[in-house]
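User: Hello! I am new to this structure and would like to walk through it with you. Could we start with how its parts pack together?

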Amino acid sequence: MGLGKLTILCVWVFLGVLVGIASAQLSTTFYSSSCPKVLVTIKKAVKSAVSKEARMGASLLRLHFHDCFVNASTFHSLCLHCHGCDASVLLDGSTGEKSARPNNNSLRGFDVIDTIKSKVEKLCPGVVSCADILTIAARDATVALGGPSWSVPLGRRDSTTARSHTIGQSRCTVFRFRVYNDTNINSQFATSVQSKCPSVGGDDNLSPLDVTSPTLFDNAYFKNLQSQKGLLHSDQELFNGGSTDAQVNAYSTNSASFLTDFANAMVKMGNLSPLTGTSGQIRTNCRKTN
């Protein structure tokens, strides 16, 4: 699952800095009494969506990543005064994440979240936040693609404002320079990708970030980097004679270690400064504030 693995690497790099920014107000049993069937309902809906289109699993994971890291990506004061994982990524509007230039017509999975929210609202009106739905959906999407599972701390609330702040597949316009100009790239791999991405035109043509197993959750991404088959320049920099080479080597040979670290990282990421208590709101429609 190439798209998911790009997020994984970002999580792995960033969480070493942000590990201490978490919330003790979240609980894995938050909805046990107020909406006991929410986890089963979300899992069923995600499984159905991924079975129809495997790429959707990566898309849901990517949505969660962007929701949590839009603020964290600035790293101002280690983001101690900002909020992540608050479903702001789901809000419609001209100034939000959806319409940001790198993500316009790129981020996807919103309809799946809308469907899940509708089902959950019928079960427990006004109880489960869009932020929690997105966090749970990311876990269930990972599992649906053959990845690890983990217990999700819950109790997030939704933001009332949109914030401006790309797993699967990437657009030609993003990786064109690498496949035509970089020297640390496998020549046969470059030629293959060039067939889908001409030097001029075809900007929206897609290519998988993981050419070996684009719809499976495994450690092939790291093996591809060892063979200089990273689609993006930023990916290949993770294995290019630098300090991260050792970690790439470790994950490429020890899948269990990678899966465990990924699950732990996802929990930490989901805990990045969420809105809890009386902050924010529980949206009835994830696309707009109440």
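Predicted model: local features only at pLDDT ≥ 70, side-chain atom pairs only at ≥ 80, totals over all residues.

User: Which word describes how helix 2 and helix 5 lie to each other?

Analyst: Angles under 35 degrees would count as roughly parallel, and 65 to 115 as roughly perpendicular. The angle here is about 50°, and the crossing of helix 2 past helix 5 is right-handed. The two helices are therefore oblique.

User: How many charged residues does the contact of helix 2 with helix 5 have?

Analyst: On the helix 2 side we find L39, I42, K43, V46 and V50. Across from them, helix 5 brings I133, I136, A137, R139, D140, A141 and A144. Sorted by class, this contact has nine nonpolar residues, no polar ones, and as for charged residues, three.

User: Helix 6 and helix 7 meet as well; is their crossing left-handed or right-handed?

Analyst: Helix 6 spans residues 172–181 and helix 7 spans residues 187–194. Their axes come within 9 Å and cross at roughly 135°, which makes helix 6 oblique to helix 7. The crossing of this pair is left-handed.

User: Which residues of helix 7 make the contact with helix 6?

Analyst: Helix 6 contributes F175, V179 and Y180. By class, the contact has five nonpolar residues, one polar residue and no charged ones. The residues from helix 7 are A190, V193 and Q194.

User: Let's look at one residue: is G280 buried, partly exposed or exposed?

Analyst: G280 sits in the segment after helix 11 (255–270). Leaving out residues up to four places away in sequence, G280 touches R157, D158, T160 and L275. Buried would need under 20% relative accessible area and exposed over 50%. With a relative accessibility of 33%, G280 therefore counts as partly exposed.

User: Stepping back, how many helices and strands does the protein have?

Analyst: Read from the N terminus, the elements follow the order α-α-α-α-α-β-α-α-β-α-α-α-α. Counted by type, that secondary structure comes to eleven helices and two strands.

User: And what share of the residues is buried?

Analyst: The accessible surface of the protein is about 12600 Å², and carbon and sulfur atoms account for 52% of that area. Turning to residues, the protein has 290, and the buried share of them is 52%.

Definitions and conventions: Residues numbered from 1 in each chain as written. Heavy atoms only, no water. Axes fitted to C-alpha atoms, helices over the stretch in contact; angles between N-to-C directions. Helix = DSSP H or I, 4+ residues; strand = E, 2+ residues; numbered from the N terminus. Parallel < 35°, antiparallel > 145°, perpendicular 65-115°, else oblique. Left-handed = near helix turned anticlockwise from the far one by under 90°. Contact = heavy atoms within 4.5 Å. Nonpolar A, V, L, I, M, F, W, Y, C, P; charged D, E, K, R; others polar. Buried < 20%, exposed > 50% of the residue type's maximum accessible area, 1.4 Å probe, protein only. Areas by Shrake-Rupley, 256 points an atom, 1.4 Å probe, with all protein chains shown as cover.
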